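Dear colleague,

I am passing the structure below to you for your records.

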Amino acid sequence: MSELRFDRVSVRYGHHLAVDDVSLVVPSGQVVGLVGESGSGKSTLAATAVGLVPVTSGQVLVDGETRHRRKVQMVFQDPYSSLDPRMSIGGSIAEAMPKGVHKKAEVARLLELVNLDPGRATSLPARLSGGQRQRVALARALAGQPEVVVADEITSALDVSVQGAVLNLVRDLQRQLGLSMLFISHNLAVVRYVSDRIAVMKDGRIVEEGPAEQVLTEPGHEYTRELLAAAPKRHTRLEAS
Amino acid sequence: MIEVRRRAEGVSTWLPFARRRAVRFLVSLWVLVTAAFLMIHLIPGDPVRESLGLAAPPDVVASRRAALGLDDPLLVQYWRYLTGLFRGDLGTSLTTNTPVSDLIGDRLPATVQLAVLAFLFVIVVAVPVGVVMAVLTKGGRRRGGELAFTSSSVVLAAIPEFLLAVGLVSLLAVTLNLFPVAGNDAPGSWVLPVLALAIGPAAVLARIVRVELLSVLGNDFVRTARAKRLPARLVYLRHALPNAVTATLTLGGMLLASLVAGTVLVENVFAWPGLGSTIVGSIQQKDYPTVQGIVLVYGAGVLLVNLVVDVVLALLDPRSTIREA
Amino acid sequence: MRAALRSPVGLASAVLLAVLVLLAVFAPLLWGDRAAAIDTDSLQQGPSADHLLGTDQLGRDIFHRVLVATRLTIGLALLATLIGVTTGLVLGSVPSVLPRWAARVVTSAVNIAVAFPGLLLALFFAVIFGTGTIGAVLAIAFAIAPSFARLTQTLTAAVSGRDFIKAARVCGVGRFRLLVRHILPNIAEPLVINATLAAGSALTAFAGLSFLGIGVQAPSYDWGRLLGEGLQRIYISPAPALGPAIAVVLAGLAFNLFGEAAASAAGGRQQVRGRAVARHDSTVEEPDEGLLTVRNLHVSFPGGITPVRGVSFTVHNGEMIGVVGESGSGKSLTALAVSRLVEHPGTVTADRLDFDGKPLRTTSDRDLGTKLAMVFQDPMTSFNPTRRIGSQLAEVSEVHQGLSRKEAVRKAVDRLRAVRIPEPERRVKQYPHEFSGGMRQRAMIAMGLMGEPQLVIADEPTTALDVTVQREVLKLLARIRAERTAAVLLISHDITVVAQTCDRVLVMYAGRIVEELPTDELFTAARHPYTTALLAAVPDLDTDREAPLAVIPGRPPEPGEIARGCPFAPRCPLAEDRCREEEPELTEMSDGHRVACWKSEKELTLAAAGGAR
């Protein structure tokens, strides 16, 4: 597997600097969790990795190469919007495969990999629940035989009781396949659960980055401390302000 | 994103909106003028020969071409056309040899009168009817009433204005003899043309008002208003209606523009002495400068209606000034 | 489209269309000669048994001419529609495959053209293409094209914004395949519907042009031409004009109504909310025990859907109660029902539904407006975007407390200050879109404080907000509760939010409360298998990173699919036969702790200990 590197990436929309000079490395075979609030630029940064948003300056490298179409794949937030309602799930997965692959067998293999019945390859997405759709989206990302997977808020549209299963799957797949992964969420607890390293983003900049344990136990930046304070914990009560 | 930035900077969104809208109006106007100018040149063959007929002697055709300046290079003609427009010169009619601007000045008031009366009728009838129907059929109540309203408005909207005109003439003018068949003399003679022009758009607008109001009633802020236990009157008039108006206006603007165009057909049925009856005769007689001038006036009218709609929209709903195209 | 045939309107219009097509095909063959037969003995006659609609100036039978003209009229209308729709489709969809500057040129040209009404465009093109059949076809086609291009653009833009298009792009799907395989199939239905509508207007527009004498020219004739001829003698005899007029109207209607029916079949029925009708409040006088007393609350909708099925709980003065559940659990409807905001066609029934010692049904609006405050999930949509924040707050006091506008605005400033909104004097004059999300939610709470709230019902008040802002809003609710001794009913899907702030938790599943317990015991003494599984499935900052998260198989049931027995049984590791047959009641397990489960306390405790690991 390979390394994903953002090298001084900036993205500007009109006068608004959505991503401001960000450098970040996703080391080979590791999961980097990216936390930040809405509007912090984390999703824009993710979009640059797969070429959905052009960078204004800087570059995105996979193993030092700037040309990396298909090497980075992405899983989107809303599984109700990320699958074409008029295409069978098998069709959506097969479409992402490189040429020369035996598509039918590969679709079956991938569906099994994400714990779905391969017999459902011909189903339309409408027949699947949110959690199942998100598994299909994962399978589609893997079908492109990516070097790196970007997961953008993949559990936030799911019911809480279904979230856990998807998170487990992400972890298992990552370990089993040794994927490099950029895992984006606004939920620090979710990021903590899957990530080896954690990066914190605010107003388009990375304000802190480091090994997960270190960022969580000895946060260096004021904003990280604020996020930690705001994150749900079992035994703390919120006092009236 | 832009909204956030503007808010942060505390800049008024009115100025950029006015600038943007003015630019769009001017560009559209330019396109309209250019299209009207090109109209003559896009006609396959020689427009003068077309207009004078195949039997016309070549020297007559040639002198007419020269008089119209059609032998000059296209850009020279274009420049002459534009500068003429600024002086209010729309050319000379091929059939009557009078300035087109005089003809338009003569006929325009009747058309404006018809359009304005029809517009007032549409608003006065459609908005209350739409509101009442929305309130009565809210939440799937009175299915029968809803069906009757929807289908009758579809039927009314589907009848083209000139057929409605024919029907009205044959029923109210010929059979019952209530109103004059044609002309623009007394207020009595206004009734049928205005009805013929306005009933269709009124039906469409009433439907739009109802649908928009119903969709607004499903909004969170209407629930908030109800949670404040405001009397129903305030919930509808203060909270729901202004929001429905903005959406209605956007769609209704198109409708009003088509009302301007609808005058063409209605005027012809009622021999209304306006631009509409003039343009059709001019098209048949291939009096191109007149057609050009009238197309320009109609087009400008439509652009003006759209501009007014957008400005009213901005006044009613400040958010629309920051909506990007 | 097939669904359109199921509505009576759709069926009738489809039959009418079929008749038109048959006429168009066969009428010229059957009656062509009769329609062309000149009869100098009967010129310009009125209707008679021989000539149903009379004869024209050459003595030809108008009725048969109308029938024969069907072919030309329909044919030309369809031809014009076909050309127009194709042109529009191309103009509307090429921008997605063109380079950016070219796409921009096409788009703005369409935007300008679409501002002009079709008839005006048709007249314009009629001048260019000349008067006559071909000219009119092209004129109408090009008049349809811009609006169709715009429609295609709008639909394409809407579909392109969805993630599956982005996903396909990431997978390396090319622009052309993207257009053909993903975009067009997803916009085909509205396009076909609108093409049907366009055919209807093409038909009437064509009739209009022919009527004006710039469409079909003699000796050909279509309905419009027949109409124009008939109109010249409408004073003498209306039938020759009315015949073709009715034909045009019927045909136009057939297209329009079929399009409408198809559209409404495709769009489905609009979602509906209902009015609250507490149908049989019981008159049983229990001792007045709480601020809000709810007994056996049901909320149901037509079609036998009952999303809230027998909920009972009590909120005491100054208490903070959390209601937790996933989507479809009925928690939000419960909140709406206890605040009398369920709308028609929803119906609310309860054995008892009392607020402040009186049946909720008979509580006056003034009391509810001042004593009960609501905070909704999305502060962006919960304010009226067209009115200033100040006036939206002030109207509460104007309506319920008889304050003047000036006094009410002054009070609004004071309340905004109370929820710590900086510069409240300036803020009252602003519109909601000028507030940030967190500030809007504070303003919403301030609105509740305009009265003297005894109960604040907050439905997912923090879900739409960022984490750091979330905490501020929760703290604010806690402060209101402490300072004003108001009770708070906090509804959330997030068990940790509730755990941090509330005194008691009600866990809802499939329209029922399955467990009620004090918050301090939530992580130690929760017993219902759903509650314990939920706690283990959601990671927090104390979760063991090495162990897999607990997984609850399956998904929560939709309100319409709740079957017999305990609704959690299909997902429950402890479920046995009885669970699948009978639904357990909520019963007291220990003081203040109620559980709805057939399993004994011992079994549940054992399972909870095992599940927590």
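Where does helix α1 (residues 8-36) of chain C bend, and by about how many degrees? In this predicted model, the bend lies at C:L30 and amounts to about 55 degrees. The buried residues of that helix are C:G10, C:S13, C:L20, C:L23, C:A24 and C:A35.

Chain C as a whole contains 22 helices and 13 strands. Its radius of gyration is 34 Å, well over the 25 Å that the globule rule gives for 613 residues, so chain C is more spread out than a compact globule. The C-alpha trace of chain C spans about 105 × 65 × 60 Å along its principal axes. Of the 613 residues in chain C, 54% are buried. Where contacts in chain C join residues at least 6 apart in sequence, 68% of them link residues at least 24 apart.

I turn next to the nonpolar core. The largest one has 351 residues, and those with the most contacts inside it are A:L182, B:A165, C:A122, C:I140, C:F206 and C:L489. Helix α9 (residues 188-217) of chain B contributes the most to this core, giving 18 residues. As for A:L182, its contacts, apart from neighbours within four places in sequence, are A:L4, A:V26, A:V32, A:L34, A:A46, A:A49 and A:V150.

The contact between chain A and chain C draws 50 residues from chain A and 51 residues from chain C. On the side of chain A that touches chain C, the elements giving two or more residues are β5 (72-75), α4 (130-143), α5 (160-177), α6 (188-194) and α8 (222-230) of chain A. Among these, α5(A) gives the most, with eight residues. Sorted by class, this side of chain A has 21 nonpolar, 14 polar and 15 charged residues.

Finally, a word on confidence in chain B. Its average pLDDT is 82, and 93% of the residues score at least 70. Within chain B, confidence is highest in helix α10 (residues 220-227), at 91, and lowest in helix α1 (residues 2-9), at a mean of 41. Over residues 1-10 of chain B, pLDDT stays under 50, and the model has 13 contacts beyond four places in sequence for them. Where pLDDT is low, the predicted coordinates should not be read in detail.

Yours sincerely

Technical notes:
Residues numbered from 1 in each chain as written. Chains lettered and ligands numbered in written order. Predicted model: local features only at pLDDT ≥ 70, side-chain atom pairs only at ≥ 80, totals over all residues. Core = buried A, V, L, I, M, F, W, Y, C linked by C-beta atoms within 7 Å. Buried ≥ 20, exposed ≤ 12 C-beta atoms within 10 Å, placed from the backbone. Helix = DSSP H or I, 4+ residues; strand = E, 2+ residues; numbered from the N terminus. Contact = placed C-beta atoms within 7 Å. Rg over C-alpha atoms; globule rule 2.2 N^0.38 Å. Bend = angle between axes of the 7 residues up to and from the residue. pLDDT = per-residue confidence, 0-100. Nonpolar A, V, L, I, M, F, W, Y, C, P; charged D, E, K, R; others polar.
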